[in-house]
Amino acid sequence: MSEAEAPSPFSGEKAPASPRADLVTAAVLFVLGVAIVAHAFQMPRFVAQSGTGLTAPGIVPGFHGSMIALLSVLLGVRALRRGGLAARGPVAQGGGDGRRLALAAVLGVTYAGVLVGRAPFWLASALFVFAFTTAFEWNEDPSRRARRVAEAAAIGLGTGLAVMLVFEKLFLLRLP
Amino acid sequence: MTDALGMLAGGFAHVFAGGAAFHALWAVLIGIVIGALPGLTATMGVALLTTLTFGMGPNVAMMVLVCVYVGAIYGGSRSAILLNIPGTPASAASTLDGYPLARQGLAGRAMGISTTGSWLGTLFGTLILALFAPSFGEFALQFGSYEMFWVAMFGIIIAGSLSGGDPLKGYIAGFLGLFVATIGQEANHAYPRFAFGNGDLAGGLGLLPVLVGVFGVAEVLSSMRGPAVKAVSSTIDSVIPRLSDIAKYWRTIFRSGALGTLIGAMPGLGEDIAAWTSYAAAKRASAEREQFGKGSVEGLMAAETGESACVPGAIIPVLTLAVPGSAPAAVLMAAMMIHGLNPGPMLAITSPEFIYQIVAMLIVADMVKLFYGLVLVKPLLWILLIPRERLMPVVFVLCTVGAFAITSRLFDIWVMLGAGLVGFVLRELRFPMAPLVLGIVLGDLLDKNLLRGLVLSGGDLTPFFTRPISMALCALTLAAALWSIPGIGRLFGRRQAAMPK
């Protein structure tokens, strides 16, 4: 049974995650759950202060961690029963989709993680909006590219200045 | 009764005297635009607008956020009808009959039906809120630590069971949310959990940056990934609703209003489930059920009434238990706390008039929504045509501002990015987001009440199961969990994935 044919446990569900993806997710979640429990065990119990140890900081996260581990085992077992090991790797999504996603993620992280805080916020935002719009519209009709780039620059500059004016001057908020 | 009417009049006076009603004009419009644009959800809208309200008084801030919430849930129907893409998840059921109507050249009539259904739905839900929230709030005063623990647990389990198609993933998402809420200093000994010596982590992960990440950044990534969509037509027939539609389908309107409000009042379920359930119930009861999915006026009316009645319904548990009924209501609740309004059982004692102020705000928002629904047809069509390549980077900039503004920490921007990437991956793996959000919001409530209960009982677990309300809540929680187990659910006639897709 290939992954594409593996039945969803929920009839009518749109495009369920593949059994292989569920199996890998279950493994990651199990490790996370166990790590949470292990860390919760290492937390101090404060028995001297509370008298009973019932206010130990690790009790609640330990409970959550054990539930995550337990439920991930159930998810893993279900994925195995759906053919998670036997099936081949997931069918690759369209390469264009992946590239668009990666581009959006890289631009977003560069802006929020690198530019913001280092450059003036209006400038960082203007550059980001300009780069994002230009990059995603680059492959459309080449004869109108120059116009689109100019429009992207205008939108970027407009966004940077408008955000600064509205948030900083009008609503008196601090910007990064 | 006289007291209630007096307080309702006071609520309206409060809304109009402070000038807050004026803000409804722009806030509802922003909400409708946010809801109409695919990729921008009501939760994200309320989260982003919360940033703008920091400098406002609590009265105006709540007015703005309630209006955005009401507007966004309604706005989603525009893209559902014209693009066959739900502008918010709540409008998914509206695509089934709204889009076929638009393809038949009846886009205007479909929008008229959606406006009428949504208006009546919110009005119905608000009436229920006004009638029942105060007395339920007084009943909730009997809830102690043991009961509040079960309320939080019930919220996670019921949201996990019903908010996706897959209860197992729903529960995992809920417990992941609860875990995220434990990061940072805990209340009893100020011990920094999972901080690893990092001062920022010891302060905990802010609710707003996490929500903006999960609903904003993840949405931006999702919408940039898929193909672009185009409107079905640029010519619209009359949007003026027909009274005959209301007269003919009054039973559907009442049923959907009641179901929508009830589902809203259940912790964490939200507008999308309200719409699907109302749609399914209308289909079962309808004499013209073969029309459903092919452009049924009744189907569209049911979905719209249900989702909009859910909005006031979701605010009922916020005001009475400090437990949100939906994801946007969770953000609204966070905003209430930021503005120093403490929702929960004590509200019935400290400021009972606040419930009626919210009722007045909902009614004003509903009226403004009706006005825009009938007047703004062409401009909303143009807004739908904005290319996502130009819209999404601007949304991302607003997300960044929203995450930073509350505490002015660059760390919060990293939290937003991390939550966005994790939220996107979880969505791709079909984990529902509502239990995750509910877990993050209810984590603190569960944590404090479990430990407080254990301390009060000297480590004895029996009060969690033997006190009358605790026992009932525990039984409800167990029933909800057992219901989701396929074999047991089938024993009681539960059909898997009964909701139409």
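These questions and answers cover a predicted model with chains A and B. Local features need pLDDT of at least 70, side-chain atom pairs count only at pLDDT 80 or more, and totals for chains, interfaces and linings use all residues. Residues are numbered from 1 along each chain as its sequence is written, and chains are lettered from A in the order in which they are written.

User: Which helix gives the largest share of the side of chain A that touches chain B?
Analyst: Contact means C-beta atoms, placed from the backbone, within 7 Å. The contact takes 60 residues from chain A and 52 residues from chain B. Helices are DSSP runs (H or I, at least four residues), numbered from the N terminus. The largest share, twelve residues, comes from helix 3 of chain A.

User: Where does helix 6 of chain B bend?
Analyst: The bend is the angle between axes fitted to the seven residues ending at a residue and the seven starting there. Helix 6 spans residues 107-140 of chain B, and its bend is about 40°. Pro134(B) follows within four residues of the bend, which is at Phe132(B).

User: Why is helix 6 of chain B described as largely enclosed by the rest of the structure?
Analyst: Buried means 20 or more other C-beta atoms, placed from the backbone, within 10 Å of a residue's own. Helix 6 of chain B is largely enclosed because its buried residues number 25 of the 34.

User: What separates the centres of domain 1 and domain 2 of chain A?
Analyst: Domain bounds come from an automatic or database domain assignment. Domain 1 covers 19-81 and domain 2 covers 97-170. Taken over C-alpha atoms, the separation of their centres is 41 Å.

Note on methods. Helix = DSSP H or I, 4+ residues; strand = E, 2+ residues; numbered from the N terminus. Buried ≥ 20, exposed ≤ 12 C-beta atoms within 10 Å, placed from the backbone. Contact = placed C-beta atoms within 7 Å.
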